[in-house]
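Student: I would like to learn how to read a structure feature by feature. Could we go through one together?

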Amino acid sequence: MTIDSRGPQHLTEKLGVDFDAELLGLALTHRSFAYENGGIPHNERLEFLGDSVLGLAVTTMLYTRHPELDEGSLAKRRASVVSTVALAEIARGIGLGEHIRLGRGEILTGGRDKDSILADAMEAVIGAAYVSAGSEPATAMVLRLIEPLLENPERYGAAMDPKTALQEIAARQGFTPPVYAVEASGPDHERRFVATVTVGELSASGEGTSKKTAEMAAALDLWRVLDARERA
C-alpha cells in the first residue's frame, strides 16, 4: 500500500511521530476507496483504536490539569474536545484532507472537507501513531494537537447543541432570538435540506439530510461569527 511520497513526510513532520509507512497509509484509506479497489483494508479498525487512545489522553490531561472540576464538568469538557467538529478542525489544521484516499463518489461530493470523514481519519492516524511508536509518543501527539482547542473549549461545546448556543450568545450580545428558514430539494429517497438562520442583520446557511441537521449546521456557522465578534 503506497501513498504519495511527499504526503506522509509532510504529515509526519507536522505530527512529530515516526510512523510505520504502511500503517499511515492504512489510516488514510477511507472505506469508499477500499470498496472501489477490490475490498482492500481501510482505516476503521485504526479509528476504533485511536478513539480509545484519544479518550484516555484527554481524560488524563483534564483530570491532572483541572483538580477543581467535578466529574460532570470534566466529562462535558472532554466531550467537547473529542467531538467530531473538534477533530475535524484539527484535521484541517494539518491539511489531512488532501491526503485521505477517497472513492470517486466521496471526492465529487466534497468528502475531503466533510467533518465526519476528517474526524474518523484523525482518529485512525492517532491509532496508527500508537501502534507505530507506542503509548507515550501517541499521547504526546494528541496533547499537542488538542492544545489550541483548550483555549476556547466553549466553541466545541457549542457543536454539541448549536441552536441553544446560538440563542444564548445572541441574547448576550443584545440580539433578538434566531429565526430559521428551511428549503428542501431532491427526491424523497435523497432529500436535501438547506437552512438559513438570521440574527439581526447577520445570517448563515447549512445543509443536511434532515431539517434538524441543516438547522444545526447553520446555527453553528452563525455561532462562530458571533463568537469571533465577542472575542475580538
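Student: What does the accessible surface of the protein come to, and how much of it belongs to carbon and sulfur atoms?

Tutor: Accessible areas here come from the Shrake-Rupley method with a 1.4 Å probe, and for residues only the protein chains shown count as cover. In this case the total is about 12500 Å², with 52% of it belonging to carbon and sulfur atoms. Keep in mind that this is a predicted model, where local features need pLDDT of at least 70, side-chain atom pairs count only at pLDDT 80 or more, and totals for chains, interfaces and linings use all residues. Residues are numbered from 1 along each chain as its sequence is written, and side-chain values use heavy atoms, leaving out hydrogens and water.

Student: How many of the 232 residues count as buried?

Tutor: Buried means under 20% relative accessible area, exposed over 50%, and partly exposed in between (1.4 Å probe, protein chains only). Here 40% of the 232 residues are buried.

Student: Which residues of helix H6 are buried?

Tutor: An α-helix has 3.6 residues a turn, so residues three or four places apart point the same way. In H6 (residues 84-93), the buried residues are Val85, Ala86, Leu87, Ala88, Ile90 and Ala91. Just after H6 comes Gly95, with a positive phi of about 70°.

Student: How do the strands pair, starting with E1 and E2?

Tutor: Two strands pair if DSSP finds at least two bridges between them. E1 (residues 179-185) and E2 run antiparallel, joined by seven bridges, and Val182 stands opposite Ala195 in E2. E2 also pairs with E3 (residues 202-208), again antiparallel and over seven bridges; there Val197 stands opposite Ala204.

Student: What about the hairpins and the two faces of E2?

Tutor: The E1–E2 hairpin has six residues between the strands, and Gly186 takes a positive phi near 90°. In the E2–E3 hairpin, with two residues between the strands, Gly200 has a positive phi near 60°. As for E2 (residues 192-199), Phe193, Ala195, Val197 and Val199 form the covered face, while Arg192, Val194, Thr196 and Thr198 form the uncovered one.

Technical notes:
Helices (H or I, at least four residues) and strands (E, at least two) are DSSP runs, numbered from the N terminus.
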